[in-house]
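Hi,

Here is the structure I promised to pass on.

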Amino acid sequence: MSNAIVGIDLADAKQMVVVCDHDSQVLARRTFRCPAWKLGTALDWAAKQAGAAGFAGATVACEPTGHRWRVLGQLAAEREMPFVCVQPVVTSWARRSEDLTWDKTDEKDAVLIARLTAQLRCYVPEPVDEEWGRLRHLGARRMQLLTESGRQVQQVRALLECVWPAALQAARQPFRSVTWTAALSVLFDRDGGDLARARRLGLERWETAIRREVVRRGRTRPCLRIARLLFAALEDSAGVTAHRRGALERVGLILSDWHETHRRLEDVQARMTAFLDHHGLTGLVVSIPGISPLGAAAILAETGDPHRFASARALVKHAGLAPREKLSGAFVGRTKLTGQGRPGLRLAAWRAVWGAQRANPVYAARFTHLTTRETNRLSVTQAQAVIAAAILRQLHAVVTTGRPWDPRIAAHGTRTAQVAPLAA
């Protein structure tokens with residue numbers, strides 16, 4: 001109560017700053033036409049206005065949109081001014097509930113941010129840590145490359161379905177087959193996508209070229225079945241032949257980009273796992289059967305340092321995997337997940353489920369129980385969401401306590417006869 005509240009509506013080159021007391025009475029207001037990095041002058045001005053009004057200091061508040069709020073947070077920290085954030089969705093709800101209109105101006109938003117802060121409808125943002133911040137940026141880069149890789153695969157698939165569908169039928173999962181991708185590299189690098197020229201090469205020389213490319217990629221030998229099916233597909237005339245030459249040339253260019261994307265992805269993933277090694281976390285996270293160092297690093301890149309969460313349940317809420325109840329009188333609604341928090345964290349936990357569910361006996365038993373019990377039986381997707389939340393809770397436990405994963409604790413001390421073999 002000893003600090004005034006400085007509400008700031010951030011923009012590119014125009015910043016609206018208001019200084020308010022705890023009753024939302026505006027003590028001073030001013031527009032600063034400058035980028036976020038020059039808001040130090042605005043903070044100094046706000047501190048003087050707060051002091052002139054009899055306050056001991058000033059608390060800075062803004063919405064965490066874009067990158068400018070981090071700049072403002074650092075400027076406030078340099079001046080030892082408390083810094084909090086107000087969620088934009090809270091601001092939106094408050095704006096409509098106050099006057100039932102959609103009115104929106106910079107000055108009104110700045111006052112509204114200050115008012116919500118006075119009502120304690122704000123939060124202290126994650127503290128800036130250089131090491132954990134680096135992991136977060138690596139995780140963001142990995143997500144970008146995964147999205148780019150998926151987009152490139154879909155482009156190649158669509159083009160081949162149009163002009164050369166037989167190529168996709170040569171392998172059950174063509175883009176996961178080293179032989180299939182190596183054969184396409186031979187086709188485009190050696191023959192420029194000319195199917196007739198590749199067919200004149202002959203089956204024996206075709207297999208030799210593919211074997212050489214597979215070995216260059218670190219494998220020992222190709223799958224000759226796929227190589228022969230792809231060679232037979234060279235004679236297939238199905239597809240839009242008028243577009244075949246141009247589309248195949250485009251496929252070759254996209255495949256080159258795809259290989260480069262994978263190279264960058266492997267480099268980023270190696271940096272992420274090296275972070276775990278450097279901080280002595282690898283042994284802890286892999287003590288959970290089914291969790292790989294990369295999977296754990298992807299989760300930790302979204303959470304930041306788990307020590308900042310007061311409990312494991314707070315981490316689950318941060319991911320939006322906590323259930324929400326709907327009870328009113330005699331009415332009992334359907335329980336669903338909140339779906340709030342960080343979508344990236346929810347996705348990273350969801351990806352970890354697929355390996356953990358099969359390799360971890362505790363998770364497998366839990367999944368079977370949830371999907372087969374007589375009362376309140378869950379669907380497969382619902383049970384997997386429960387496993388994802390369990391992974392987050394137990395990953396939080398092993399990192400914050402420094403103790404390896406214990407199957408007995410993970411199983412809540414039940415089913416002793418089933419869990420005992422896990423300890424061995």
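**The largest pocket**

Five elements each supply at least two residues of the lining of the largest pocket: helix 13 (312–319), strand 9 (336–337), helix 15 (361–372), helix 16 (380–401) and helix 17 (407–410). Bear in mind that this is a predicted model.

Which of them gives the largest share of the lining? That would be helix 16, with 12 residues. The space in this pocket comes to about 1100 Å³. There are 41 lining residues, and the closest to the centre are Arg366, Val386, Ala389, Ala390 and Arg393. Sorted by class, the lining has 22 nonpolar residues, 10 charged ones and 9 polar ones.

**Two backbone angles to look at**

Most residues other than glycine have a negative phi.

Start with glutamate 80, which has a positive phi, near 55°, without being a glycine. You'll find glutamate 80 in the loop between helix 2 (68–78) and strand 5 (83–85). Is glutamate 80 buried or exposed? Its relative accessibility is 75%, and the cut-off for exposed is over 50%, so glutamate 80 counts as exposed.

Then there's leucine 120, where phi is also positive, at about 65°, and again the residue is not a glycine. Leucine 120 lies in the loop between helix 4 (106–118) and helix 5 (130–163). Leucine 120 counts as exposed too, because its relative accessibility is 69%.

Cheers

Key:
Residues are numbered from 1 along each chain as its sequence is written. This is a predicted model: local features need pLDDT of at least 70, side-chain atom pairs count only at pLDDT 80 or more; totals for chains, interfaces and linings use all residues. Side-chain values use heavy atoms; hydrogens and water are left out. On a 1 Å grid over the protein atoms alone, a cavity is a set of points where a 1.4 Å probe fits but cannot get out, and a pocket is an open set with protein on both sides within 12 Å along at least five of seven lines; lining residues have an atom within 4 Å of a point. Grid points are joined across faces, edges and corners, and a volume is the space filled by probe spheres set on the points. Helices (H or I, at least four residues) and strands (E, at least two) are DSSP runs, numbered from the N terminus. Ala, Val, Leu, Ile, Met, Phe, Trp, Tyr, Cys and Pro count as nonpolar, Asp, Glu, Lys and Arg as charged, and the others, Gly among them, as polar. Buried means under 20% relative accessible area, exposed over 50%, partly exposed in between (1.4 Å probe, protein chains only).
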